[in-house]
Amino acid sequence: MRRLLSVTDQTLEPDREWSLDELADAYAYPDGISDSGTPWLRANMVSSLDGAAHHDGRSQPLSCTADMRIFGALRGLADAVVVGAETVRLEGYRPARAREAFAERRAAAGQGPAPVIAVVSASLRLDFSLPLFTEPLVPTLVLTGAAAPAERVAMARDAGVDVVIAGEGPGVEPAKAAAALAGRGLTRLLTEGGPRLLGQFVASGTLDELCLTVSPTMTAGDAQRIAGGPGVAVPEQFALTAVLEEAGFLFTRYRRI
């Protein structure tokens with residue numbers, strides 16, 4: 001892997017595999033996030049050259065080994081991973097695991113052994129017998145609205161799931177979701193989509209940072225973009241802060257201006 005652009009180092013480096021420590025340093029959250037109590041929400045997504053966020057419903061065909069290493073590093077830094085229910089179903093989400101490579105760093109930051117998985121769902125039509133809910137190292141959360149189906153909320157709680165209300169209607173309000181997680185001490189937030197959830201974060205002005213992998217692939221078809229849903233009145237502006245490259249894949253990082 002070589003650095004193409006950095007705000008701190010403009011030199012080109014030879015191709016090599018970065019260590020997980022180097023990746024963790026490169027993708028560190030801004031200083032003081034946990035002390036401020038203000039959430040910082042970053043998204044990690046992958047896109048083909050022609051704008052597809054997935055192929056046949058899954059992001060894995062667009063990915064590569066280096067992309068998965070960055071995926072693991074971003075999880076290793078996060079307090080919580082916020083993900084939509086449909087993505088949980090399509091991608092077969094399992095509990096986040098503790099990784100020895102991040103154990104010392106997480107302990108020093110006052111974090112648990114693994115990030116909390118926070119599933120966003122209005123309907124709560126989830127299988128609460130899955131390992132994501134029955135075998136997590138740290139309890140999985142479900143974020144929903146105050147008007148979510150009462151029987152499904154009761155079913156989730158009967159299964160031992162921690163249900164967090166983060167909206168006045170049936171669905172989650174993005175800013176309230178981030179605030180609710182921050183209220184639990186989970187300020188370093190990572191969302192892995194899907195596109196509809198990311199679109200809601202963008203539309204609400206809640207997204208602080210985007211880590212986008214540009215895959216050197218073309219899919220055609222009618223796959224979703226990385227963010228869907230209603231558009232914003234004025235496009236949000238983001239500044240490019242870093243680019244890494246390996247095997248034609250570009251690993252970009254943008255921060256909201």
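Predicted model: local features only at pLDDT ≥ 70, side-chain atom pairs only at ≥ 80, totals over all residues.
Biologist: Where in the fold is Thr252 found?

Modeller: Thr252 sits in strand 10, which runs over residues 249–256.

Biologist: Which residues is Thr252 in contact with, leaving aside its neighbours within four places in sequence?

Modeller: Leu210, Cys211, Leu212, Leu240, Ala242 and Val243. There is a polar detail as well: a polar atom of the Thr252 side chain lies 2.8 Å from the backbone oxygen of Leu212.

Biologist: On to charges. How many salt bridges does the structure hold?

Modeller: The general idea is that side chains of opposite charge can pair when their charged atoms come close. Here the structure holds 13 salt bridges. One of them joins the side chains of Arg105 and Asp21, at 3.5 Å from N to O.

Biologist: What does the pair of Arg105 and Asp21 tie together?

Modeller: Arg105 lies in helix 5 (residues 100–108) and Asp21 in helix 1 (residues 20–26), so the pair ties together parts that are 84 residues apart in sequence. Arg105 is partly exposed, with 28% relative accessible area, and Asp21 also counts as partly exposed, at 43%.

Biologist: Which residues are linked with Arg105 in a network of salt bridges?

Modeller: Asp21 and Asp25 are linked with Arg105 in that network.

Biologist: Take Glu192 and Arg75 next. How far apart are their closest N and O atoms?

Modeller: They are 2.9 Å apart, and the two residues form a salt bridge. Glu192 is in the loop between strand 7 (188–191) and helix 9 (195–203), while Arg75 is in helix 3 (residues 65–77), so this pair ties together parts 117 residues apart in sequence.

Biologist: Are Glu192 and Arg75 buried or exposed?

Modeller: Both Glu192 and Arg75 are buried.

Biologist: And which residue forms a salt bridge with Asp162?

Modeller: Arg184 does, with the closest N and O atoms 2.8 Å apart. Asp162 belongs to strand 6 (residues 162–165), and Arg184 to the loop between helix 8 (174–182) and strand 7; the pair links distant parts of the chain, 22 residues apart. Asp162 is partly exposed at 29% relative accessible area, and Arg184 is partly exposed at 43%.

Biologist: Last one: which residues does the UniProt domain annotation cover?

Modeller: The unreviewed UniProt entry puts "Bacterial bifunctional deaminase-reductase C-terminal" on residues 39–233. In the model that span is 31% helix and 19% strand, with its end C-alpha atoms 24 Å apart.

Methods: Residues numbered from 1 in each chain as written. Heavy atoms only, no water. UniProt positions renumbered as here; feature names shortened; annotations may be inferred. Helix = DSSP H or I, 4+ residues; strand = E, 2+ residues; numbered from the N terminus. Polar contact = N/O pair within 3.5 Å; in protein donor to acceptor, adjacent residues only side chain to side chain. Contact = heavy atoms within 4.5 Å. Salt bridge = Lys/Arg side-chain N within 4 Å of Asp/Glu carboxyl O. Buried < 20%, exposed > 50% of the residue type's maximum accessible area, 1.4 Å probe, protein only.
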